[in-house]
Amino acid sequence: MATNTYAVEKPVIQRVDESILQRIGNTPIVRIKNLGKKFRNVEIYAKLEWYNAGGSIKARPALRMIEDGEKSGKLTKDKIILDSTSGNTGIAYALIGLVKGYRVKLAIPANVCKERKRLMGEVYKAELVVSDPLEGSDGAIRMARKILSENHDKYFMPDQYNNPSNWKAHFDTTAVEIYRQTESRVTHFIAGIGTAGTVMGSGRRLKMFNPSVKVYAVEPAEALHGIEGLKHMETSIRPGIYDENFLDGKISIKTEEAYEMVRLLQEEEGLGVGHSSGAAMKGALVLAERIGKGVIATVFPDSCECYVTTGNFQRYSTSQK
Ligand code: PMP
């Protein structure tokens, strides 16, 4: 009788998640080898934050702000979660709201890409209100504040720009992961600033682990820029959680430089990233040039998924061969 000579390995099930929300945090980190190869004594690492449920780094603070709201008693099941967002936080709020059973209302600038709008509004069922695209994320902030002021009791507003739970999410997760994943070798941390939660929270914790770690922010060089998710602080409503004095430095990146880096990350590293990741990468390379020796960690907040249909992405993501 013929015997089956193929041993069928049973898959080892590592763990079962209670819900998709447990897939927030613990993202991979990769070495950026090709783009960093001219720096013989600098290693550059990036955390791939689109591996979070909801597809971006903003799932971390969104979950923390909602769960801290629940713990404080301010968020109850009769309340609607309301906030302003340029997209990623909104997707995370909508997803988390759906899983936990909350209604979600989001103020977004009209020019948020259509994939994000559909994810928020159609897939995860949030109610969207749209602000003037020329006013950028500040227009959405003003709109959310107005809605809240008209009916205060109806809403729970996490207010990501002013809520310490935003940076604490990175203090307790992102930074701890970076420190472990680099085996305590990280010497510099650099990240783009939107609400500033990532740079403030991760930076604070990394400095607690090792006070000699230097923390840098990446900022768009121009007031009118195309790096979605980042803020030009001098001309914007300043987030309450942002403390510029905490930083060891800021690096300004032009929109074209960020887009060019998006293309290079794609072609040289096989990483399909969003615009702010391009800015973070460019910032890391500027820093590498300055320091000459060290271990730089950064975050790539989201993937290119949302940007592939925009003219800008096509323009900069195809090399002129
Ligand atoms: N990149 C993208 C794509 C974002 O959506 C955001 C958040 N607005 C950031 C970077 C900046 O992150 P943070 O709000 O933590 O400063």
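Ser184 is situated in the loop that connects H5 and E7, where helices (H or I, at least four residues) and strands (E, at least two) are DSSP runs numbered from the N terminus. Although Ser184 is not a glycine, its phi is positive, at about 65°. Asp159 likewise has a positive phi, near 55°, and is a residue other than glycine. The loop that holds Asp159 runs between strand E6 (155–156) and helix H5 (164–181). The structure is a predicted model, in which local features need pLDDT of at least 70 and side-chain atom pairs count only at pLDDT 80 or more, while totals for chains, interfaces and linings use all residues. Residues are numbered from 1 along each chain as its sequence is written, and side-chain values use heavy atoms, with hydrogens and water left out.

Asp159 also belongs to the lining of the largest cavity, together with Asp83, Ser84, Ile141, Ala144, Arg145, Met157, Tyr161 and Asn162. On a 1 Å grid over the protein atoms alone, a cavity is a set of points where a 1.4 Å probe fits but cannot get out, and lining residues have an atom within 4 Å of a point. Sorted by class, the lining comprises four nonpolar, two polar and three charged residues. Here Ala, Val, Leu, Ile, Met, Phe, Trp, Tyr, Cys and Pro count as nonpolar, Asp, Glu, Lys and Arg as charged, and the others, Gly among them, as polar.

The largest pocket contains about 1100 Å³ of space. A pocket is an open set of grid points with protein on both sides within 12 Å along at least five of seven lines. Its lining consists of 48 residues, and those nearest its centre are His225, Ile227, Glu228, Gly229 and Leu230. By class, the pocket lining has 18 nonpolar, 23 polar and seven charged residues.

The ligand takes up the space of the largest pocket; a molecule sits in a pocket if more than half of its atoms lie within 2 Å of its grid points. The ligand is surrounded by 16 residues, the closest being Lys58, Gly194, Thr195, Thr198 and Ser276, where a residue is near a molecule if one of its heavy atoms lies within 4 Å of it. This shell has five nonpolar, eight polar and three charged residues. An N or O atom in the side chain of Thr195 lies 2.6 Å from an oxygen atom of the ligand. For Lys58, the distance from a side-chain N or O atom to a ligand oxygen atom is 2.7 Å.

Methods: A polar contact is a pair of N or O atoms within 3.5 Å; within protein, one must be able to donate a hydrogen and the other to accept it, and residues adjacent in sequence count only if both atoms are side-chain atoms. Grid points are joined across faces, edges and corners, and a volume is the space filled by probe spheres set on the points.
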